[in-house]
Amino acid sequence: MKRHPALITLSRDHHHALSLGNRIRQQPDADHSAAIAAQRDELLQHFAEEEQQFASFWPQLQRPDLQQRFNADHAALRQLLQPPFQAALLADTLMAHVRFEERELFAALQDLLPTS
């Protein structure tokens, strides 16, 4: 599916998040603290940008299930981005959240976003 221009940057950010998650999954016994700490601020900023960008669309979307999942995931990820890091749980949660946003949430929001 072709991404709405307003979502392209967010989708690119998701690629970085998936890369982190994959690195953690590929080396589950390694210490990933430095890699997580290096991406922490970027991830937190990404969550804030999404929350701000999507806030006005929740009433129009009329999908409280998507909004609840979005909010719950962001809350869980914010907790997981606090040391001491639980790398494996962070990777699983982050990757599931990205898949949710890309496959479900963004697909639902695309038609509501302005065309210009």
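Mentor: Two residues are in contact when heavy atoms of theirs lie within 4.5 Å. Phenylalanine 54 touches Leu7, Leu10, Phe70, Leu105, Phe106 and Leu109, leaving aside residues up to four places away in sequence. This is a predicted model, in which local features need pLDDT of at least 70 and side-chain atom pairs count only at pLDDT 80 or more, while totals for chains, interfaces and linings use all residues. Residues are numbered from 1 along each chain as its sequence is written, and side-chain values use heavy atoms, with hydrogens and water left out.

Trainee: How many helices and strands are in the protein chain?

Mentor: Helices (H or I, at least four residues) and strands (E, at least two) are DSSP runs, numbered from the N terminus. The protein chain has five helices and zero strands. In sequence order, the pattern is α-α-α-α-α.

Trainee: What radius of gyration does the protein chain have, and what would a compact globule have?

Mentor: The radius is taken over C-alpha atoms, and the globule rule is 2.2 Å times the number of residues to the power 0.38. For 116 residues, a compact globule would come out near 13 Å, and the 15 Å of the protein chain agrees with that. Along the principal axes, the C-alpha atoms of the protein chain fill a box of roughly 45 × 25 × 20 Å.

Trainee: Where does phenylalanine 54 lie, and is phenylalanine 54 buried or exposed?

Mentor: Buried means under 20% relative accessible area, exposed over 50%, and partly exposed in between (1.4 Å probe, protein chains only). Phenylalanine 54 lies in helix 2, residues 33-54. With a relative accessible area of 0%, phenylalanine 54 is buried. Across the protein chain, 40% of the 116 residues count as buried.

Trainee: Among contacts between residues at least 6 apart in sequence, what share joins residues at least 24 apart?

Mentor: In the protein chain, the share is 78%.

Trainee: How many salt bridges does the count come to?

Mentor: A salt bridge is a side-chain nitrogen of Lys or Arg within 4 Å of a carboxyl oxygen of Asp or Glu. By this rule there are six salt bridges. One of them joins the side chains of arginine 3 and glutamate 102, at 2.9 Å from N to O. This pair links distant parts of the chain, 99 residues apart: arginine 3 is in the segment before helix 1 (5-26), and glutamate 102 is in helix 5 (residues 87-109). Arginine 3 counts as buried, at 16% relative accessibility.

Trainee: Which residue forms a salt bridge with glutamate 51?

Mentor: The partner is arginine 78, with the closest N and O atoms 2.8 Å apart. Glutamate 51 is in helix 2 and arginine 78 in helix 4 (residues 64-80), so the pair ties together parts that are 27 residues apart in sequence. Glutamate 51 is partly exposed at 24% relative accessibility, and arginine 78 is partly exposed at 28%.

Trainee: What separates aspartate 73 and arginine 69 in helix 4?

Mentor: About one helical turn, because the two are four residues apart in helix 4. Aspartate 73 counts as buried at 11% relative accessibility, whereas arginine 69, at 31%, counts as partly exposed.
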